[in-house]
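Q: Can we go through this one together? I'd like quick answers.

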Amino acid sequence: MTMSAHPDSVRAKTALLFPPGFVWGAATAAFQVEGATAADGRTDSIWDVFARRPGAVVGGDTGEPGADHYRRYAEDVDLMRRLGLGAYRFSLSWPRIRPDGGAPNPRGLAFYDRLVDKLLEAGVEPWATLYHWDLPQSLEDEGGWTARETAFRFAEYAETVVARLGDRVPRWSTLNEPWCAAMLGYARGIHAPGRREPRAAVAAAHHLLLGHGLAMDVLRRHAPAASSGITLNLYPVSAVDPSSTVDSEAARRIDGLQNRLFLDPVLRGSYPEDLLTDLAPLGIGELVRDGDLATIAAPIDWLGINYYRGYQVAGTPLPGSEPAGADWLGSPDVHFVPDEAAPRTDSGWEVQPSRLTECLLQVHRDYRAIPLYITENGASYPDAVIGGDIADTDRIAFLDSHLRAAYEAIEAGVDLRGYFYWSLLDNFEWAEGYGKRFGLVHVDYTTQRRTPKQSALWYARAISLNGLS
């Protein structure tokens with residue numbers, strides 16, 4: 001049975017239709033799904049090394065086996081075709097393509113040739129992300145993203161990739177979630193490379209953005225017809241008590257660190273003045289050289305938004321609140337206040353579809369007009385296989401409510417052009433290992449058997465209708 005087949009009579013009754021040409025997709029990342037971490041010349045990334053550190057990843061899990069996508073990509077592309085996906089957002093493995101950050105690896109590049117060709121054959125548009133956190137460990141040994149040189153090494157890697165695939169990949173993203181790479185990796189230390197150095201995190205953030213700008217130049221030269229952008233994880237931030245000066249100040253600071261630190265240089269060509277003041281003790285003024293901001297602000301064709309939830313914050317402790325961690329630089333007095341009324345995912349994240357609308361409207365209101373895509377949105381739940389079926393009704397409710405929130409933003413004037421569910425497959429969920437399942441498709445990590453969940457069938461129906469009934 002074809003998962004995307006539905007009669008026209010059902011389509012005619014659809015209550016909520018998305019705009020013509022709306023992109024329906026799903027996403028993955030190389031380190032999370034590929035496995036084959038030592039195959040065909042690939043060398044260690046920072047995540048390989050970090051995962052071997054005792055206690056760094058739940059259960060001692062590593063990138064092996066992932067979802068074995070490196071070997072099973074053809075099966076996975078067939079799943080995408082059967083679901084009716086219009087696009088597949090994936091990332092490329094830097095240590096597979098340029099092992100140890102060195103010379104290009106023909107075997108690594110050949111894998112992405114095969115993947116892209118298979119996607120095109122199946123009628124699924126390839127959306128390639130150049131960097132989804134898997135820096136070659138050899139470059140981390142030389143300073144990683146704290147070293148300015150890494151931005152230029154990233155541009156070299158981008159040139160290798162785009163020169164090879166630019167004739168067939170129509171959509172590119174330079175970076176995925178530089179906030180996570182910088183703040184969780186270099187400040188809080190709960191992501192690779194596991195450093196806890198506030199000044200290093202500020203340096204990493206700037207050099208990641210510089211790498212983005214340099215990669216945009218590569219894309220314009222080698223794939224001028226492609227549509228290229230960057231993917232940021234954005235979280236709407238609100239004060240618990242907007243009339244409180246300390247709560248409003250807490251919201252300003254967290255919104256600055258999470259959102260404006262990346263949006264402003266990319267879309268306005270400058271860092272926010274208030275953040276320059278906040279981060280001055282951590283050396284931000286020493287990092288920015290002449291021409292950097294112009295490079296970072298190279299025009300992009302679209303902005304990708306990864307949305308999972310919002311934050312409400314206070315400037316003083318409140319019952320049930322949690323103090324800001326080390327990833328919130330210079331914010332020891334900020335407390336995050338839970339939304340007790342919101343349901344939670346298996347990751348403990350609050351389900352807040354209305355704040356997706358808020359997030360999209362904020363970008364639409366505060367920045368220049370630019371097409372937006374929801375490049376990640378999803379939820380983990382403790383999926384159980386019963387009689388060969390996974391009845392993930394919580395995920396279906398999550399999908400339905402967030403797509404309705406996205407539609408509400410479109411109705412309010414937001415130029416939203418697509419939605420990518422995270423994730424196509426259950427996979428290695430970073431520091432959580434294999435314990436959290438986000439996939440539309442269940443993966444048995446012992447047998448690597450794929451089983452589409454009921455949410456996959458629900459999503460296939462929405463795709464076929466270009467909307468919700």
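Q: Where is aspartate 40 placed?
A: Aspartate 40 is in the loop between α2 (30–33) and α3. Helices here are DSSP runs of H or I with at least four residues, strands are runs of E with at least two, and both are numbered from the N terminus. The model is predicted, so local features need pLDDT of at least 70, side-chain atom pairs count only at pLDDT 80 or more, and totals for chains, interfaces and linings use all residues. Residues are numbered from 1 along each chain as its sequence is written, and side-chain values use heavy atoms, with hydrogens and water left out.

Q: What is the phi of aspartate 40?
A: Positive, about 50 degrees, although aspartate 40 is not a glycine.

Q: Is aspartate 40 buried, exposed or partly exposed, and why?
A: Aspartate 40 counts as partly exposed, because its relative accessibility is 31%. Buried means under 20% relative accessible area, exposed means over 50%, and partly exposed is in between (1.4 Å probe, protein chains only).

Q: What about glutamate 177, what is its phi?
A: Glutamate 177 also has a positive phi of about 50 degrees and is not a glycine. Its place is the loop between β5 (171–176) and α9. At 6% relative accessibility, glutamate 177 counts as buried.

Q: Switching to peptide bonds. Which residue is joined to proline 193 by a cis bond?
A: Alanine 192. Omega is about 10 degrees there. Proline 193 is in the loop between α9 and α10 (198–222).

Q: And what is the peptide bond from tryptophan 422 to serine 423?
A: That bond is cis, with omega near 10 degrees. Serine 423 lies in the loop between β13 (416–422) and β14 (441–443).

Q: Now cavities. How many of 30 Å³ or more does the structure hold?
A: Four. A cavity is a set of points on a 1 Å grid over the protein atoms alone where a 1.4 Å probe fits but cannot get out. Grid points are joined across faces, edges and corners, and a volume is the space filled by probe spheres set on the points.

Q: What volume does the largest cavity have?
A: About 60 Å³.

Q: Which residues line the largest cavity?
A: The lining includes Ile46, Trp47, Tyr131, Trp133 and Trp145. Lining residues have an atom within 4 Å of a point.

Q: Which helix gives the most to that lining?
A: α9, with three residues. α3 (46–51) and α9 (178–186) each supply at least two.

Q: How many nonpolar, polar and charged residues are in that lining?
A: Ten nonpolar, one polar and no charged. Ala, Val, Leu, Ile, Met, Phe, Trp, Tyr, Cys and Pro count as nonpolar, Asp, Glu, Lys and Arg as charged, and the others, Gly among them, as polar.

Q: Zoom out. How many helices and strands are there?
A: There are 17 helices and 16 strands.

Q: What share of the residues is buried?
A: Buried residues make up 63% of the 469.

Definitions and conventions
1 Å grid on protein atoms, 1.4 Å probe; cavity = no way out; pocket = protein on both sides within 12 Å on 5 of 7 lines; lining within 4 Å.
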